[in-house]
Each structure stands twice: as C-alpha cells, then as structure tokens.
Amino acid sequence: MRVLSGTKPTGDSLHLGNYFGALKQFVLLQEKYEDALYFIADYHSMTTVRDAELRRRYSMNVALDYLAAGLDPDRAVLFRQSDVPEVCELTWMLTTVTPMGMLERAHAYKAAKDQGENVDHGLFTYPVLMAADILLYHADLVPVGQDQKQHIEMTRDMAQRFNHAYDCEALVLPEPYIMDDTATVPGTDGRKMSKSYDNTIQMFAGKKALKKSVMGIQTDSTPVEEAKDTDTAVFQLWNLFATPPEREDMVERAQAGGLGYGDVKKELLSRILDYFAPMRERRERFEGQPKEIEEILRQGAKQAGAIAEPVLEGCRQASGLGRPG
Ligand code: AMP
Ligand code: TRP
C-alpha cells in the first residue's frame, strides 16, 4: 500500500485546515504504512505565485511545516515536485485522454471563471498535473481534505481512460483518504478555511497574530445568558483540540447558557498555543538547518525518481513512445 500527498507552497505557514485536514493524517499514515511519499507542490503554486524568491521561501516553509509536524525522512519520502520533472511528461500523456468537459466541471476552474478572473491554461490543466503526481508513483491512498475529493475522482477517471486507450495496466487507480471529522475545517468567517478567503488561523503564527485571528472568529449576537448553537465555527474549531468527553461537556455548558463566546475563544487560543508548542520548537530548530533540509529533499527526489522511472517507462512503452523496449 503506497500513500502519497502534496501541499501547495503559497504562504508563510500552513493553517489549521491544512493541518487537521491533511498534514495530521500524513503523519499518522507514515506510522501505519511503510511506503509514504509527501511532496511540496511547487509546480502547482505557479498558477498563483509569480515571484521566484517567494516560491523558494514558501517551499521551504512547507518543508519546515512537514518536519515540524513530525514527518520523518527515515519513514517517508519528502521531496519537491519539480525535482522529478518527469511528472510533466506524464501530464502531457494524460491531457490526451482528458475530455474538456471534465476539466470544465472542476471546482477551482469554475469558481475562478464565475468570479470573472482571467483563467490561464495552467489553472485549467491543474487537475491533470495533480493526477500525474499521483499516478506517476502508483499511489494507492491519497490523504486530502474534502476540497480535493473531486480531483482524486478525476485522477481515477484519467487512469482508467489511459489504461483503456492502450489496453494496458500501466496506471494504478488511487483511493482518497478523507477523515470525516476534519474533512472541512471552517475559517474565522464560518466558510471553509482557505487562504483565498482570508479567514485562516495559521499553525505557527506569532502569539499576537494568533490572538487576533481567534478573537476575530465571527459569532452571532446571542446574549451571554442564552443557550448557544454549537454547530458554529468557534465551537467546531475548539472541538479540534478537545477529547470527546470535553466536547460533550462543552455542549452542556453551551446549552445551559451563561457561556460567553469570548471565553470559548480564550480557551481555544490557549489550546492552539499548547497543542502546537512542541511543533513550534521543532520548527525553530529546523529553521537553522537549511542545508540539512535541502539534503533531505535531494535524497527524497532520488527515491521518488526511482519509483517514477519504471512507471513512466511503462506508459511510454504502452503508448509506443520512444525506443521500443
Ligand atoms: P493546499 O494548501 O491547497 O495544497 O492544501 C493542502 C491540503 O490541505 C489538501 O489536502 C487540502 O484538501 C487540505 N485543506 C485545505 N484547506 C482545508 C480545510 N479548510 N479543511 C480541511 N482540509 C483542508
Ligand atoms: N491540489 C492540492 C491542493 O491544492 C495539492 C496537490 C497537488 C496534491 N498534487 C497533489 C494533493 C497530489 C494530493 C496529491 O491541496
């Protein structure tokens, strides 16, 4: 069983949605399965980040977040997507079996188009590159948040179409791995937590910035003495850091009335700080070791490349590209 996933380098540190929806599962799965690959999706970041220095910094940030969260280069292969450029060749092959209609239905493309943005071909093709990421390594299981489910379904579709077109089994169909509880972590405004909505709480933000985000979580105007609806962002976020009995207790307190949103936010802030404290320390240690991190990524790319090579060769042979083998 091979596990694989990736994260786009688009900011200073990952947010609670990335952590609970994806990264936390990456760490758990690295314990469970021997064969796990996690990469920094720097090619994907090109659809939004248009600055070389920024991309380098953001990519380093994802590496730091991976290591800080507990990904271990001795257990999982950590690498930069662009260090195995063969993924671009597979992307091309897959584009030739991908109907336009499939890509036109992709959420990210539809949202950008509906907002009247100038959509470039990169954004349109984004799901094909993502499929190539997964298929190039014969991944079986892909841990992601709910927002990526459609992309995994498309990946399966493309793999099937390629295998069918060339009457081969060159590509393996992957399964998504989505945790129900944390499939969609809400942001401070109650919508999905996302950098593009400017509603994130970052894992490693400074104390002051964290306080500002947490205190800014939108709540309704129910008076303190009245019962509160616990199906709202502030409680859902608090739940991420609580045990099941603590959650039940919180529901009781909320229903009894007398619980202020401010108090819940203060508890949430202190839990976030405590929860991430050991990771924050680890991250600070790694920050002083950029050369070691480069070496980890270099080794990772070597291992990833060795897995990719025969898979790509299988696709080339099946489709009659290059020298006959
Ligand atoms: P990205 O930063 O877009 O590359 O996302 C990295 C991973 O985090 C993907 O698996 C996403 O599905 C996941 N993710 C992003 N936002 C959320 C969220 N609000 N809730 C749950 N998972 C999320
Ligand atoms: N598209 C994913 C996101 O935005 C990141 C990603 C790129 C990915 N390639 C992948 C995730 C392959 C899983 C597998 O979150």
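Predicted model: local features only at pLDDT ≥ 70, side-chain atom pairs only at ≥ 80, totals over all residues.

Me: Which residues come nearest to ligand 2?

Reply: There are 13 residues around ligand 2, and the nearest are His-44, Tyr-126, Met-130, Asp-133 and Gln-148. By class, that shell has seven nonpolar, four polar and two charged residues.

Me: How do I spot the polar contacts there?

Reply: Look for pairs of N or O atoms within 3.5 Å. Here, Tyr-126 has a polar side-chain atom 2.7 Å from a nitrogen atom of ligand 2. Asp-133 also places a polar side-chain atom 2.7 Å from a nitrogen atom of the ligand, and for Gln-148 the distance is 3.2 Å.

Me: How much of ligand 2 does the protein bury?

Reply: Taken alone, ligand 2 exposes 370 Å², and the protein buries 90% of that. Two elements each give two or more residues to the shell, β1 (2-7) and α7 (121-135).

Me: Now, what about empty space?

Reply: The general idea is to roll a probe the size of a water molecule over the atoms, which shows where empty space is left. In this model, the count comes to one cavity of 30 Å³ or more, and the largest cavity holds about 40 Å³ of space.

Me: What classes of residue line the largest cavity?

Reply: Ten nonpolar residues, with no polar and no charged ones. Among them are Tyr-38, Ala-63, Phe-79 and Ile-293. The elements giving two or more residues to this lining are β2 (35-40), α3 (52-69), β3 (76-80) and α13 (290-319).

Conventions: Residues numbered from 1 in each chain as written. Chains lettered and ligands numbered in written order. Heavy atoms only, no water. 1 Å grid on protein atoms, 1.4 Å probe; cavity = no way out; pocket = protein on both sides within 12 Å on 5 of 7 lines; lining within 4 Å. Points joined across faces, edges and corners; volume = space filled by probe spheres on them. Helix = DSSP H or I, 4+ residues; strand = E, 2+ residues; numbered from the N terminus. Nonpolar A, V, L, I, M, F, W, Y, C, P; charged D, E, K, R; others polar. Near = heavy atom within 4 Å. Polar contact = N/O pair within 3.5 Å; in protein donor to acceptor, adjacent residues only side chain to side chain. Areas by Shrake-Rupley, 256 points an atom, 1.4 Å probe, with all protein chains shown as cover.
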